[in-house]
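Please look at the sequence and the structure before reading on.

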Amino acid sequence: MSYSTGYGDPELGGPATAWRDGWPVYDRSGTVCVIGAGPSGLTAMKNLKEHGFGVDCYERETSVGGAWNWRHNRSPVYASTHLISSKPFTQFPDFPMPDSWPDYPKHTQVLEYLEHYADHFDLKKSIWFGTEVVKVEPAEGDRWDVTTRSTGGFGGERIHRYAAVVIANGHNWSPKRPAYEGLDDTKIEVIHSAQYKDAAQLRGRKVLVVGAGNTGCDIAVEAAQQASRCWHSSRRGYWYTPKFTLGRPTDQVNDLMLWLRLPLKARQFIAHRTLKSTVGDLTRFGLPKPDHKIYETHTIVNSQLIYHLGHGTITPVPDIARFHRSDVELKGGELIEPDLVVLATGYETKFDFLDPALLGIDATGRPKLALHAFPRRQPTLAVAGLLQPDSGLLPLVHWQMVLFARMLRLREASPAKAVAVQRKLEAGLEQRWTSAKVKDSTRHWFEISHTTYLKAVQRLLDEVGLEGAAR
Amino acid sequence: MKVIRTREWAFPVPPARRELRRATPEVDEGKPPLLFVPGFGHGAWVFAEHWLEHTADRGFPAYAVSLRGHGESAKVRKADLRAYAHDVAQAAAGLPRRAVIVGHGAGALVTAHALARYPARAAVLLSPVFGGLGTALRNPMVSLPAAFGGGLRLPAGQLFSRELPASAGRAYAARLGRATSRAQWQLLAGRKPERPVGDPPVLVVGSPDDRIVSDSALRRVARHYGGAPLLFPGMGHDLMLDTRWREPIDAILDWLEKSN
């Protein structure tokens with residue numbers, strides 16, 4: 001597919017019908033613009049199409065898959081990336097992953113799945129590859145002017161006007177680097193986990209892994225096997241759950257408890273007992289004691305970390321105090337001498353093509369969105385997949401996008417009702433969608449529990465109605 | 001529209017090897033693939049007999065799946081309607097393009113359940129057996145053994161019209177297997193399938209002379225999906241094996257060509 005420049009492109013837009021700052025704007029009438037062709041963008045396209053909308057998707061890379069496509073230069077995927085949710089929680093609810101795949105598919109299988117999804121629903125013909133979005137600006141009548149250009153800034157910019165916009169640009173591509181004292185002057189090699197691709201990078205080195213998230217634990221486990229020494233620095237205690245408990249994937253056990261309608265207290269009790277009888281007290285390895293009950297933040301899903309702690313191949317250490325020229329000082333004064341530091345300190349969300357006020361972004365860079373997807377007073381704008389669920393992300397984005405497509409349809413079918421639903425949605429702007437009280441809520445601000453979240457989506461879908469709105 | 005399925009997430013359907021027969025056209029004209037779903041006791045072979053090749057000759061890639069425990073699919077001791085619907089959704093999602101699902105007999109009910117889990121392009125229900133007590137009472141000799149855990153008894157006389165030579169009918173009937181008792185019970189209970197996702201057009205095809213599905217049952221299913229049944233008088237329950245097998249499949253493919 002080519003991206004030709006010039007006026008009155010017959011394929012996309014037709015003659016200019018409006019002007020913005022002296023530039024022509026091509027009207028795409030009822031078409032919806034989707035930014036990004038990762039999992040969220042793909043399911044946005046599929047569900048919008050299913051509800052009869054035309055879609056144009058802009059993807060800065062030349063293939064689908066977003067973060068899951070390790071060929072993409074922004075992809076955080078490393079060779080040993082593994083899923084932490086089992087198949088029923090990972091697949092789109094209306095597109096099952098093959099039976100022949102394991103309980104926790106490999107990241108290459110996830111990419112294969114997404115590519116198959118795009119082909120199966122014939123989405124690729126609506127994707128403009130190698131095109132990035134520069135600006136998204138509101139136009140009259142709740143519509144949007146989207147400025148695009150080819151990735152890297154070659155060629156001219158073009159403006160198209162869309163009926164609605166879905167932002168699916170992902171939230172795992174802009175590395176968050178903590179500011180440590182002396183970090184700029186140290187001679188030690190410091191990389192972010194985004195630059196970590198393969199275990200060969202660790203071989204024979206003395207590695208300090210910072211961060212006890214899922215990525216940090218993965219890299220620590222890799223380092224335990226490959227590096228000559230591995231320190232793992234975590235700021236606080238977490239709950240580590242194995243991938244299989246009671247003979248089945250752990251998340252399925254959790255949902256079994258939810259299906260039995262056990263209250264949170266009972267689930268916490270059972271989980272504490274099960275962990276105590278299997279992995280036991282982790283402080284004996286030198287890990288900090290968790291300062292919260294299980295389920296208050298998401299657990300770290302990793303069977304191997306405990307194994308390597310128990311074999312002494314990982315040395316748990318506290319938080320870093322400061323970097324020196326050739327060693328690292330820990331809180332408590334201990335000095336260690338790694339020659340590679342991997343910062344698994346996460347990613348920050350970025351929407352650099354949009355006026356932050358539109359998403360209600362505050363000083364800390366966090367947008368204020370109902371259901372973590374729908375901004376205030378912008379009924380034709382949605383952010384897809386900005387969630388950190390205790391299950392897989394794909395099914396949740398699917399339902400977000402079904403809801404968005406139906407709300408757009410409702411605006412045509414019954415504008416008054418659409419306003420009422422929008423108001424209802426905005427009433428829950430402050431809501432958190434977690435089952436337990438979240439510890440340290442500033443850090444885990446888009447963590448959600450999948451059942452609480454989906455129940456809210458279900459209620460809104462019932463409110464919107466419109467069964468039979470799909471074509 | 002059902003969003004929360006905690007029970008299904010906690011107890012996913014166990015995987016099973018499935019037989020998938022295929023006939024693909026020599027030149028891909030971009031037409032949608034058809035997935036044929038046989039009814040209880042039947043395997044993918046019933047479609048491989050005539051329909052698969054004929055569909056492919058008309059330019060549609062054609063596939064037929066055997067439900068678990070049927071045909072050449074894995075033998076299973078336990079399976080319910082959900083497992084069968086899972087087999088259909090799995091087979092459909094595995095196809096290169098969004099599929100049209102064609103279900104026959106009780107396989108039509110399985111298809112109807114699968115439609116809630118996979119957004120098919122369109123669906124065709126052939127001589128649909130949607131179960132319930134009415135269907136059972138109409139066919140006491142078929143259903144009675146099933147009530148005691150036996151298989152549904154499907155003699156050739158019930159399945160085919162008189163036009164099919166008796167020996168051929170008997171040979172076909174001898175190849176039939178059976179569904180699990182649990183699935184048969186669920187058929188008797190006749191739980192209504194959920195609404196299809198993606199609102200596919202649904203065509204109901206049958207015969208007024210079908211000795212298993214009554215004319216009124218046929219119309220009831222068609223009305224449920226907002227249409228009238230397409231009728232082929234004089235044919236038996238197993239439309240794809242009967243002497244005049246060409247007529248219904250041509251009508252279905254014409255309908256698909258027209259509705260696209």
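Reader: What radius of gyration does chain A have, and what would a compact globule with 471 residues have?

Author: This is a predicted model, in which local features need pLDDT of at least 70, side-chain atom pairs count only at pLDDT 80 or more, and totals for chains, interfaces and linings use all residues. Residues are numbered from 1 along each chain as its sequence is written, chains are lettered from A and ligands numbered from 1 in the order written, and side-chain values use heavy atoms, without hydrogens and water. The radius is taken over C-alpha atoms, and the globule rule is 2.2 Å times the number of residues to the power 0.38. For 471 residues a compact globule would have a radius near 23 Å, which agrees with that of chain A, 23 Å.

Reader: How many of the residues of strand β8 of chain A are buried?

Author: Helices (H or I, at least four residues) and strands (E, at least two) are DSSP runs, numbered from the N terminus. Buried means under 20% relative accessible area, exposed over 50%, and partly exposed in between, with a 1.4 Å probe and protein chains only. Strand β8 covers residues 158-162 and is mostly covered, and the buried residues number five of five.

Reader: Which residues of β8(A) point the other way from A:R158, A:H160 and A:Y162?

Author: In a regular strand the side chains alternate between the two faces of the sheet. Opposite to A:R158, A:H160 and A:Y162 point A:I159 and A:R161.

Reader: Which residue of β8(A) is the bridge partner of A:T147?

Author: Two strands pair if DSSP finds at least two bridges between them. Strand β7 (residues 143-150) of chain A pairs with β8(A) in the antiparallel sense over five bridges. The bridge partner of A:T147 is A:I159.
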